[in-house]
Each structure stands twice: as structure tokens, then as C-alpha cells.
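The sequence and structure are shown first.

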Amino acid sequence: MSTAPESEPRAPKPALVFDDPLDQQSSDDTDRGWGERSDADSAADLKRFLDEKPPHHL
């Protein structure tokens with residue numbers, strides 16, 4: 001009769017999660033990473049608007 005050593009810790013089995021994945025906010029549901037500038041002031045905003053204005057808006 002062979003006995004396995006019980007001193008070795010076993011890795012826990014991954015638990016099944018039955019939560020609704022749509023209840024959780026994903027990273028693309030936030031404004032982070034979409035080009036927002038948190039440190040810009042109104043003068044910088046105007047400069048960016050004038051620099052990126054399409055030619056037909058002259």
C-alpha cells in the first residue's frame with residue numbers, strides 16, 4: 001500500500017464563478033486612455049482646438 005506524503009501543500013482548485021460579467025465595468029468603459037488630459041487649461045484647449053481643426057472649418 002502506497003501513501004503519498006501529506007506534507008506537500010496542494011494548490012487550490014479554481015472556483016467556478018457564476019456572476020454576470022456584464023455587471024462589472026471593463027477598462028474600456030472608463031474615460032482613462034481615451035485622450036483626456038487632466039492637467040490642460042483653457043488656453044491649452046484652445047491651442048489644441050486650433051491645431052486640430054479640419055481645413056473646412058477655417
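A residue is called buried under 20% relative accessible area, exposed over 50%, and partly exposed in between, using a 1.4 Å probe and protein chains only. The model is predicted, so local features need pLDDT of at least 70 and side-chain atom pairs count only at pLDDT 80 or more, while totals for chains, interfaces and linings use all residues. Residues are numbered from 1 along each chain as its sequence is written, and side-chain values use heavy atoms, with hydrogens and water left out.

**Overall**

The protein has 58 residues, of which 0% count as buried. Secondary structure amounts to 1 helix and 0 strands, where helices (H or I, at least four residues) and strands (E, at least two) are DSSP runs numbered from the N terminus.

**Salt bridges**

Side chains of opposite charge can pair when their charged atoms come close. A salt bridge is taken here as a side-chain nitrogen of Lys or Arg within 4 Å of a carboxyl oxygen of Asp or Glu. By this rule there are 2 salt bridges.

| Pair | N to O distance |
|---|---|
| Lysine 47 and aspartate 51 | 2.8 Å |
| Arginine 48 and glutamate 52 | 3.3 Å |

Lysine 47 and aspartate 51 lie 4 residues apart in helix H1, a separation of about one helical turn. Lysine 47 is exposed at 52% relative accessibility, and aspartate 51 is exposed at 54%. In the other pair, arginine 48 is partly exposed at 33%, whereas glutamate 52 is exposed at 53%.

**Nonpolar patch**

Leu46, Phe49 and Leu50 make a nonpolar surface patch of about 310 Å². Patches consist of residues with over 30% relative accessible area and no salt bridge; like charges are joined within 9 Å, and nonpolar side chains (Val, Leu, Ile, Met, Phe, Trp, Tyr) within 5 Å. Leucine 50 sits in helix H1, which spans residues 42-51. The relative accessible area of leucine 50 is 46%, so this residue is partly exposed.

How values were computed:
Areas by Shrake-Rupley, 256 points an atom, 1.4 Å probe, with all protein chains shown as cover.
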